[in-house]
Amino acid sequence: MKISKRTTELGTETAFDVLAEVNKLKREGKDIISFCIGQPDFDTPQHIKTAAIAAINEGKCGYTDSAGVFTVREAVARYLSRTRHIDVKPEHVVIANGAKAFIALSVLCTTDYGAGHEVIYPNPGYPIYESQIIVNGAVPVPLPLVEKKHFSFEISELEKRITPNTKLLILNTPHNPTGGILGEDDLREVARLAKKHDFWIFADEIYSQIIYDKEFRSIATLPGMYERTIVSDGASKSYAMTGWRMGFAANPILAPAMARWITNLEACGNHMAQYALKEALDGPHEATNKMVKSFHERRDLIVGLLNQIDGVSCISPGGAFYAFPNVTKAVKRLGLADAEALRALLLQNGVAVLADTNFGARNPEDEDHHIRLSYATSKENIVKGLARMKAIIEQKQTAAPAQTAAQTGAPTKAAQEVAVPNSS
Ligand SMILES: Cc1ncc(COP(=O)(O)O)c(C=O)c1O
């Protein structure tokens, strides 16, 4: 029996492969400090858990409307109207089991299978964009992000990629894996092009509340843009609720179409979890504020420590909980092929990170190499892990060839010997 071609060719989050490798090494007793995980290291706030327990006890256990429970959609509409400064009606809102679902739904609702419809998406970027574009029969058109623009893109590069077949542009701000934020001017230019060439926007705003130096801005806020923008957000990152699987999206035209897809795919979002989502959005935000403050401090800590490593430079990310340092000089001096080889070397020496290649194929014109570190981990881990990383990278510049350390499978002597400074 054969498995379909599209299944065998289906993309994935290769970060999960790295995670499996990390867990295997941990099981073997290796001491690994991990910067891989893309989820808050906080527990879901108690008032949210209590609301879900109450919902279960009140019998909120059956199917709901495919678009979601109306009062929960009202809460989402209030939240989106308040934070995006637009008039979102509950009828525009659809709830799903995680915001991830809306990536596929936006491709399904705006392109036809095999019709040559093109979707432009950020590279590097969340790998599910590319896999869902391809498996749903559209044409993937990667848009390179540039470090000198703080991981935004050149508008001229976007313009070059727009054709009469362009149906959808995916934006992600704050951005995974770079932590970059799309600036007001770029959003305005994108809006101009979207109107001129008449394409949809999928605004992946899952990290909208995890932003440090600026106020969050959505492209949907710009005049005339909400109609053509699928605004997607959720509970996973902002309320430490990744396992609850609660995401939502809003668009005045596409909401009924997305709800119909949900009828086909999963019937509805988890009933009791929808009440947890309602409480998260309507209830007190102290826990989120505290979490974001903590991420902010950790960002400053990790960026400072990364910039102290010879051969590594890191711009300060404006949001999410990822740092995306440039490791080109370190890779070259260590005689490694790319960031993936550095990732493997670091892992074998007790530090787990992801490589830029985990977020899409490298642009052949781009000579730079990057790795991603999630700082959703304690300050103590950050200090310890970065000391280890510094020792590995700087020792390698003068000592044994990289392959030797990678083959040993154990932390290098220098990595083991690094003193961990006080993290307070
Ligand atoms: C950019 C981006 N979009 C969407 C998601 C999916 O989030 P959810 O847990 O709501 O499905 C993630 C999760 O890592 C993400 O990084």
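1. In this predicted model, 33 residues of domain 1 are in contact with 34 residues of domain 2, two residues being in contact if their C-beta atoms, placed from the backbone, lie within 7 Å. Helix H11 (286-306) and strand E9 (322-323) are the elements that give two or more residues to the side of domain 1 that touches domain 2, and H11 gives the most, with 6 residues; helices (H or I, at least four residues) and strands (E, at least two) are DSSP runs, numbered from the N terminus.

2. Domain 1 covers 5-42 + 287-417 and domain 2 covers 47-282, with bounds that come from an automatic or database domain assignment. Their centres, taken over C-alpha atoms, are separated by 28 Å.

3. The largest nonpolar core has 128 residues, of which Val-76, Val-93, Val-94, Ile-219, Met-258 and Leu-342 touch the most other members. Such a core is a set of buried Ala, Val, Leu, Ile, Met, Phe, Trp, Tyr and Cys residues joined through C-beta atoms within 7 Å.

4. Ala-339, found in helix H13 (residues 339-348), counts as buried because it has 26 C-beta neighbours inside 10 Å, the cut-off for buried being 20 or more other C-beta atoms within 10 Å of its own, placed from the backbone. Leaving aside neighbours within four places in sequence, its contacts include Val-327, Ala-355 and His-370.

5. Residues are numbered from 1 along each chain as its sequence is written. As this is a predicted model, local features need pLDDT of at least 70 and side-chain atom pairs count only at pLDDT 80 or more, whereas totals for chains, interfaces and linings use all residues.

Definitions and conventions. A residue is buried if 20 or more other C-beta atoms lie within 10 Å of its own, exposed if 12 or fewer, and partly exposed in between; C-beta atoms are placed from the backbone.
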